[in-house]
Amino acid sequence: LELARDLQSSLIPKELPKTSAYTVGAHNEIANTVGGDIYDFVPLPDGRLAVLFGDASGHGMAAGLVMAVAHAAFRTQLEVDPSPAAMFATLNRILCRTGGPRAFFSSVYFLLSEDGSLSGSVAGHPQPLLLDWDGSVRARIGKGAYPLGIRPNLTWPVETGRIEPRGALFLHSDGLPEGRSAAGEQFGEARIEALLRQFASYDPQAEADAIAASLR
């Protein structure tokens, strides 16, 4: 488990990229010794930013290994064809071959262009939120769909949208809305939306940290 924890830690980026168009903030907090959450942000040679956000099923060694396989496939596929359809087809094929029947990977993948336009797919993951300048939710991206690694030959719709100037794209795992207080109160979607409006003036890293502090 210590080796798996070290592996997971090595896959989470220590420094987040800042491009001419985007500033990124992120927060990762493992619930157990080894979790299944991962994110990665990769600037591409053509100026686009590739974003992967995912959550492997379960915890412990099995989740850590699924996460590692998905991350390796993601980095390799970026060099071949970074389009959303090709990315999810490759990740799903590899995860179906290497994982067991309960090893699946809920995931979000986006390509963000310098003009704010985006394309991507959502596979069994909480909906990403497109935010206006004041933190209000302009759109929810994606609908209910299978995670990756469940069945071969599945396809996922390619979603499109645009991040407006001073707007944002907010991604989160189910650990945020499903978090519970000592009294059993669920954090919930309404609280997330209220915090996004409250912290809209923060830079992305400060906003991610403030939301995590609110959860705690």
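User: Let's start with helix H3. How many residues does it have, and how far does it reach from its first C-alpha to its last?

Analyst: This is a predicted model, and in it H3 (residues 84–98) has 15 residues and spans 21 Å from first C-alpha to last. That is close to the 21 Å expected at 1.5 Å a residue. Its buried residues are Pro84, Ala86, Met87, Phe88, Thr90, Leu91, Asn92 and Leu95.

User: Now helix H4. Which of its residues are buried, and which are exposed?

Analyst: General idea first: an α-helix has 3.6 residues a turn, so residues three or four places apart point the same way. In H4 (residues 189–198), Ile192, Leu195 and Leu196 are buried. Looking down the axis of H4, those residues fall within an arc of 105°, so they line one face of the helix. Ala190 and Gln198, on the other side of H4, are exposed.

User: And what covers the buried residues of H4?

Analyst: The cover includes strand E5 (129–131), strand E8 (168–170) and helix H5 (204–215).

User: Moving on to the largest nonpolar core, which residues touch the most other members?

Analyst: Out of 45 residues, those are Phe74, Leu78, Phe105, Tyr109, Phe110, Leu112 and Leu148. At least two residues of this core come from each of strand E1 (37–43), strand E2 (49–56), helix H2 (60–80), H3, strand E3 (105–112) and strand E4 (117–123). H2 gives the largest share, eight residues. There's also a second, separate core of 11 residues, with Leu131, Ile192, Leu196 and Ala210 among them.

User: Let's zoom in on Tyr109. What is Tyr109 in contact with, leaving aside neighbours within four places in sequence?

Analyst: Its contacts include Ala50, Val51, Phe74, Leu78, Pro84, Met87, Phe88 and Gly120.

User: How many aromatic pairs are there, and how do I read one?

Analyst: A pair of aromatic rings is described by the distance of the centres and the angle of the planes. The count here is four aromatic pairs. Take Phe74 and Tyr109: they're edge-to-face, 6.1 Å centre to centre with 70° between the planes. Phe74 sits in helix H2 and Tyr109 in strand E3, so the pair ties together parts 35 residues apart in sequence. Both Phe74 and Tyr109 are buried. Phe199 and Tyr202 make a tilted pair, 5.0 Å centre to centre with 40° between the planes.

User: Are Phe199 and Tyr202 buried or partly exposed?

Analyst: Phe199 counts as buried at 6% relative accessibility, while Tyr202, at 39%, counts as partly exposed.

User: Last one: where does the charged end of Arg191 sit?

Analyst: Over the ring of Phe187, 5.3 Å from its centre.

Definitions and conventions
Residues are numbered from 1 along each chain as its sequence is written. This is a predicted model: local features need pLDDT of at least 70, side-chain atom pairs count only at pLDDT 80 or more; totals for chains, interfaces and linings use all residues. Side-chain values use heavy atoms; hydrogens and water are left out. Helices (H or I, at least four residues) and strands (E, at least two) are DSSP runs, numbered from the N terminus. The expected span of a helix is 1.5 Å times one less than its number of residues. Buried means under 20% relative accessible area, exposed over 50%, partly exposed in between (1.4 Å probe, protein chains only). The arc is that of the directions from the helix axis to the C-beta atoms. Contact means heavy atoms within 4.5 Å. A nonpolar core is a set of buried Ala, Val, Leu, Ile, Met, Phe, Trp, Tyr and Cys residues joined through side-chain atoms within 4.5 Å. Rings of Phe, Tyr and Trp (its six-membered ring) pair if their centres lie within 6.5 Å; planes under 30 degrees apart count as stacked, over 60 as edge-to-face and the rest as tilted. A charge sits over a ring if NZ of Lys or CZ of Arg is within 6 Å of the ring centre and within 35 degrees of the ring normal.
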